[in-house]
Amino acid sequence: MNAAAGNLRTKRPRGLWTGRLFYGFLVLSLLIGFLTLGALLAQVFLEGYKWVDLVLFLEAPSADPRIAGAEPAILATIYIGILLLAFTVPLGVGTAIYLEEYANRDRWYNRMLEVNIQNLAAVPSIVYGILGLAFLVRGLGLGRVLLAGAMILTLLVLPTVIIAAREAIRAVPDSIRQAAYALGATKWQVVWRQVLPGALPGIATGSILALSRGLGETAPLLLVGALTYVSFNPTLLGDFTALPVQIYQWIARPQEEFRTLAASAIIVLLAILLTLNAFAIWLRNRYERRW
Amino acid sequence: MSVTMAGVNVDVTTQARPLPAKEFREVVFDVKDLGVSYSGNQALQDVSLEIYRNFVTAFIGPSGCGKSTFIRCFNHMNDLIPSAKVEGTILYHGEDMYGPEVDAVEVRKRIGMVFQKPNPFPKSIYDNVAFGPRVLGMTDGLDERVERALQQSALWDEAKDRLKSSALSLSGGQQQRLCIARCLAVEPEVILMDEPASALDPIATTRIEDLMHELKKDYTIVVVTHNMQQAARVADMTAFFSVNRGEEGQRTGILVEYDATSKIFTQPSDKRTEDYVTGRFG
């Protein structure tokens with residue numbers, strides 16, 4: 001009894017210091033993340049805010065930075081975003097439903113599929129770009145068009161959407177499925193009337209986060225041929241550029257004015273991405289179910 | 001009649017109505033040599049018994065004796081577990097429930113189930129009850145159907161003014177009665193109840209038991225319970241299951257004894273049943 005109490009007392013100071021050190025480390029990690037982001041944002045804003053104006057939104061790029069805008073790039077980014085959602089959500093949710101509700105895990109091909117999807121999520125985006133160049137642009141003969149760009153970004157974010165949708169579907173408790181089955185519902189009815197509605201908030205959140213990741217990508221678009229100088233508004237099967245590509249091109253220019261222009265385009269891109277992310281977080285907090 | 005069971009006086013007379021003689025009973029389920037295995041592990045073996053119409057039949061026994069596995073055979077719920085394999089036969093009104101042409105969905109229309117933990121859908125009270133009729137296409141007179149089901153499950157008075165509010169706002173006991181209403185709304189012939197009151201407080205439990213007495217006029221009820229007093233209170237027939245341990249320690253559920261409830265609790269013919277109902281085992 002006494003020995004036990006003594007043990008408690010002698011150990012305390014050492015544990016205390018380890019705890020304090022660890023706490024300090026945690027605060028430091030947090031600060032590094034916050035300060036880096038803060039510094040970046042501050043720098044971009046200070047440099048670019050004055051050029052976020054109508055010219056940026058309504059004019060095409062030009063050799064003269066004072067009249068140059070990013071309208072084609074902004075529009076293309078919006079088009080790509082819409083296509084991206086239209087492609088990834090049905091494909092991703094469909095795959096997730098198959099894997100969670102239909103696939104028999106005892107079959108080797110289903111297990112292989114699962115491992116494959118996990119791995120695909122970790123493949124660098126440039127590799128997707130090469131795939132897009134080889135398969136979509138040349139193999140299918142699509143050419144260097146906006147559609148090819150949207151398709152390759154679809155492949156890029158698809159694993160993320162699948163994983164998010166699977167998590168959401170898995171979070172629907174089995175007791176709900178059993179209750180529906182016990183009432184004579186078919187598998188189709190169970191999935192459509194109980195599982196999917198229950199998983200919808202999670203699927204929506206995951207899809208939007210995946211969308212914002214896709215919109216920020218540059219490398220795969222460069223490879224499938226997003227041009228750095230496009231002076232006309234994009235079409236589905238025409239040459240295109242996108243905001244990140246436009247930013248990349250402007251930064252690479254020697255003139256100081258173009259860097260300011262790049263900073264203002266970064267503000268626009270960040271505004272789009274942060275809005276999407278905020279919307280996703282709002283969706284999650286508003287509709288997420290606690291079973 | 002009152003018996004002393006596990007030191008508690010249990011009144012077994014209230015529901016021990018004189019059971020009709022065997023030749024006047026209508027057999028709903030005729031189970032023959034039923035066995036269930038999961039991935040080759042035998043969970044239940046050689047069960048044969050008959051379940052009669054408008055009876056409450058209770059399955060009792062210690063944990064792991066396969067009583068829940070058994071009740072899930074009656075509505076093909078074991079089909080949802082890919083590794084589960086059912087052998088032997090269950091005749092439902094003479095028709096083989098595990099025959100090659102049998103559709104599990106058709107079976108579950110006629111044989112409803114209430115689960116251990118209340119599991120209402122995260123929808124309104126109305127939509128919970130209406131779910132079954134809707135998926136089965138019985139949408140004519142849906143409002144009346146929902147009302148009737150809620151009345152039968154003794155929830156109408158509490159729920160009629162809040163049909164549109166979430167089922168999750170109900171108390172646990174109310175949720176379980178909602179699950180019973182949901183099951184009644186599709187007008188099944190049989191209601192399977194897998195420990196329906198084990199997650200509820202004593203008052204809610206009493207209401208569920210009263211409900212079972214009420215419902216057996218119109219339905220055939222099969223109930224799994226680990227609460228012996230409950231079996232004694234509600235059941236006409238009781239089946240006692242036990243566990244056989246194999247040479248390598250594998251546990252297999254077996255049916256030990258099946259008889260009128262009053263007989264099981266007062267003069268069981270098997271020593272193992274007697275040990276269990278007197279509290280010496282389990």
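In helix α10 of chain A, the buried residues are Leu243(A), Pro244(A), Val245(A), Gln246(A), Ile247(A), Gln249(A) and Trp250(A); a residue is buried if 20 or more other C-beta atoms lie within 10 Å of its own, exposed if 12 or fewer, and partly exposed in between, with C-beta atoms placed from the backbone. This is a predicted model, in which local features need pLDDT of at least 70 and side-chain atom pairs count only at pLDDT 80 or more, while totals for chains, interfaces and linings use all residues. Residues are numbered from 1 along each chain as its sequence is written, and chains are lettered from A and ligands numbered from 1 in the order in which they are written.

**Helix α10 of chain A**
- Helix α10 spans residues 243-251 of chain A and is mostly covered, with seven of its nine residues buried.
- The cover over the buried residues of α10(A) includes α3 (71-102), α8 (187-216), α9 (219-223) and α11 (256-287) of chain A.

**Chain A as a whole**
- Chain A has 11 helices and zero strands; helices (H or I, at least four residues) and strands (E, at least two) are DSSP runs, numbered from the N terminus.
- The radius of gyration of chain A is 25 Å, whereas a compact globule of 291 residues would have one near 19 Å. This radius is taken over C-alpha atoms, and the globule rule is 2.2 Å times the number of residues to the power 0.38.
- Along the principal axes, the C-alpha atoms of chain A fill a box of roughly 85 × 60 × 35 Å.
- Buried residues account for 36% of the 291 residues of chain A.
- Of the contacts in chain A with a separation of 6 or more, 75% join residues 24 or more positions apart. Two residues are in contact if their C-beta atoms, placed from the backbone, lie within 7 Å.

**Domains of chain A**
- Chain A is divided into domain 1 (2-51) and domain 2 (54-287), with bounds that come from an automatic or database domain assignment.
- The contact between them takes six residues from domain 1 of chain A and seven residues from domain 2 of chain A.
- The side of domain 1 of chain A that touches domain 2 of chain A has four nonpolar, one polar and one charged residues. Here Ala, Val, Leu, Ile, Met, Phe, Trp, Tyr, Cys and Pro count as nonpolar, Asp, Glu, Lys and Arg as charged, and the others, Gly among them, as polar.
- The C-alpha centres of domain 1 of chain A and domain 2 of chain A are 34 Å apart.

**Chain B as a whole**
- Chain B contains 10 helices and 12 strands.
- Chain B is as compact as a globular protein of its length, because its radius of gyration of 19 Å is close to the 19 Å that the globule rule gives for 282 residues.
- The box filled by the C-alpha atoms of chain B, taken along the principal axes, is roughly 55 × 45 × 40 Å.
- In chain B, 45% of the 282 residues are buried.
- Val234(B) belongs to helix α8 (residues 228-234) of chain B, and it counts as buried because it has 27 C-beta neighbours inside 10 Å.

**Where the chains meet**
- In this interface, 20 residues of chain B are in contact with 17 residues of chain A.
- On the side of chain B that touches chain A, the elements giving two or more residues are α2 (104-110), β8 (111-114) and α3 (125-135) of chain B.
- That side of chain B has 12 nonpolar, four polar and four charged residues.
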